[in-house]
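Hi,

Here is the structure I promised to pass on.

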Amino acid sequence: MRTRFILLILIVTWQCKAQSPLIIPDTLVGPNYNLTMHLDSVQFFSNGPKSITLGYNSNHYLGPTLILNKGASVNITVNNQISDTTTVHWHGLHVPSKWDGGPHTPILSGTTWNPQFQVKDNAATYWYHPHLHEKTALQAIKGAAGLIIVRDSIEAQLILPRKYGIDDIPLIVQCQQFDSLNQALPLGMQDSTLLVNGTRTNNGNIAYLDLPAQIVRLRILNASGERVFNFGFSGNKNFYQIASDGGLLNAPFDTTRLRLGPGERAEILISFIGMTGQSISLMSYASEIPMGTQGGPTMPMIGGPPMDSPLNGVDFNVLDINVVSPTANPILTIPTSLVVNTPYLESQSNTARKIDFTAASDTIMDGPFYFNDSTFNMMRIDYIIPLNSIEVWTLVNKTMVAHPFHLHDEQFYILDRNGMPPPPSEQGRKDVVLVAPGDSVRIIAKFTEYTDSLIPYMYHCHILMHEDAGMMGQFIVSSSPVGIADLFEQYQFELYPNPATVELNIKAEPNVEFSIEIFNLLGERVFYSSKRQIKIPTLQFESGLYIVKITSNKNTFIKKIIKQ
Ligand code: C2O
Ligand code: CU
Ligand code: CU
C-alpha cells in the first residue's frame, strides 16, 4: 500500500515537471506558396487515443508560417485533401474579395484554389484559417491555422530582431475543449487545454523555449475559439509592445500587460540581457480579466451549459523561457520610435453606421448572438459601401459577454471607447477590437481599391462559435453604389420563383435591354446571355446558391437565388 502511494506521488511529481520543447512552425517564402490541407492526428495527451487534427503541408497540426513581402505578387495554391469543403482566409490582409477566402469561395474536397494578389499590407503579423459557412470553429480548432509575417522596407530599416525561431518567435496561443476521447470540440465554454504552436502547455506538461540573453521579439496570436488572454511575464517584468494587428505602433509601448482577444495579434520586444541561466514564464494574468470577458471569473449561469474552465479568473503559465547565451550580433537596444501612423480623421468620414451586438434575451451568455438583432444570411448583403468611403462604425455591445469584432478587407483605427481615446496598445492599425459588455467603441476605416459586386467581405465576432452561430454580416465595396442601391430599392428587375426549380423568370420593364450572367459560389459563370431574355432554364443547374447579375445600360442588378 505504502509503496503504491509513494509511486503515485512520484508519478504525479514527474508529470508536473514534464516539459516539451516549443514547436516552431517551418516557413514558406514566395512568390509561390503551396498549402496542402490534410487530415492528421497528434498524441496530445499521455492517456487515451490520439486527437484527430488538421494540418497544412508536413505539419500534423497548424501550418507553416508564410513570409510575405509588401509589394510582391504572390501566387498561392491551396490543395484541399480533407473529406470536407474548406476555405482559406488571409486574416488581416487587404486582398480582392474573391481571394479573401470567405464563406463564398469554398474549396471543395480534392480540389485546389489559386489566389493571386499583391501584398499591400504593412509589416506585421497576420494569420490564415478556414472560413467555411458554419464550420470555421470545427476546422480551426482541429489545427487549421497558420501565421503570416509581412515584411516591408520601413520595418527593415529599424534595428529589430528578425531571425525567425531564434530571436523572432511566433507564438500561436490556443485554448480548447477536448472530450473524454481526446477530440477537440468546437465549443468554448469549458476550454481548459492550452496549446502554443500546437505544443500542449498545461495540466502537467509545460512548453519551454530557450531564448538568448538579448532583445527578443515575440509575435503573439490569440487563435483561441473564445478565450481572452492577459499576457505578462512572471515577476511582472516589463516588455515593449511594438505592433498591433496590422502594423507597427508609432513607438514601443513600455508595459507589463498585453490583452489579446480571439483573432488579435501583437508583437512585443523583451530584454533578456544579462539573464543567462535564468528562467522566466510568459503568463496570462487572468485574475485581472473582468467577469463577462471570456477568461475572467466564471459567471454564475442560470440554465445552459456551464462556463467552468479551471483557467477562468486565475493566473497561469503559458510558456517557460530559459535564457541562454546571446547569439552572434545580438540586438541589444529598443528603438525609440517606429513608424508614423496617420489615422483617418472623423471629419474626413462620409458614412456612419451603428452595429449593436444583441441576443434574444439579457441572460444569454453562450449565444446565439446577433448584429442588430439579425442573424447572418449568406444571401443578404448588409452594407453596400461606396469605393473610397471613409466610415465610422459604432459598435455597441448590449449583451452580457465580450465580443472581439473583426473587419475583413481593411485595417481600421479605434477612434474611442466609451468616449475615451484608446490606450497606446490600441492606437495602431487594427482588424479586431474587443468590445466588453456595455462598451461603445467607434472605429474608422477607408474602403479602398477592391470592388466586387458578387463576392462580399465579412465582418464578424471572432469568437468562432459566435461567428458560426450567426454573429456575422457581409458587405460589398462598389464603385457604382448609387446604381446598385437604387436598383435594390426600385426593383427594376424581379426574379421568380426563388427558390427556382425548372426555370427562372425575370420581370423587367418592356423594351429594357439587358445582359444576364449567373455564377455559382465558386465564381464560375454557369449561364450567360448577352441580350434580353426573360426565361432561363435552370433544370440542369446543381442545387445550391447562385448569383444572378443583370446589367442594363444604366445599372447592375445583383441578386442571389437558390436552385432547389
Ligand atoms: Cu480571422 Cu473572418 O476571420
Ligand atoms: Cu479576417
Ligand atoms: Cu461574440
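A quick word on terms: two strands pair if DSSP finds at least two bridges between them, and strands are DSSP runs (E, at least two residues), numbered from the N terminus. This is a predicted model, where local features need pLDDT of at least 70 and side-chain atom pairs count only at pLDDT 80 or more, while totals for chains, interfaces and linings use all residues. Residues are numbered from 1 along each chain as its sequence is written, chains are lettered from A and ligands numbered from 1 in the order in which they are written, and side-chain values use heavy atoms, with hydrogens and water left out.

Start with strand β6 (residues 73-80). Its parallel partner is β3 (residues 32-42), joined to β6 by six bridges; Tyr33, for instance, is bridged to Ile76 in β6. β6 also runs antiparallel to β9 (residues 116-118), with three bridges between them, including the one from Ser73 to Gln118. Then there's β8 (residues 112-113), antiparallel to β6 over two bridges, where Val78 has Trp113 as its bridge partner.

Now for the metal. Which residues coordinate the copper ion (ligand 3)? They are His403 (ND1), Cys461 (SG) and His466 (ND1), at 2.0 to 2.1 Å. Donors here are N, O and S atoms within 2.8 Å of the metal (3.2 Å for Na, K and Ca), and water is not among the atoms, so sites may look incomplete. Along the chain, the donors are spaced as H-x57-C-x4-H.

Cheers

Technical notes
Helices (H or I, at least four residues) and strands (E, at least two) are DSSP runs, numbered from the N terminus.
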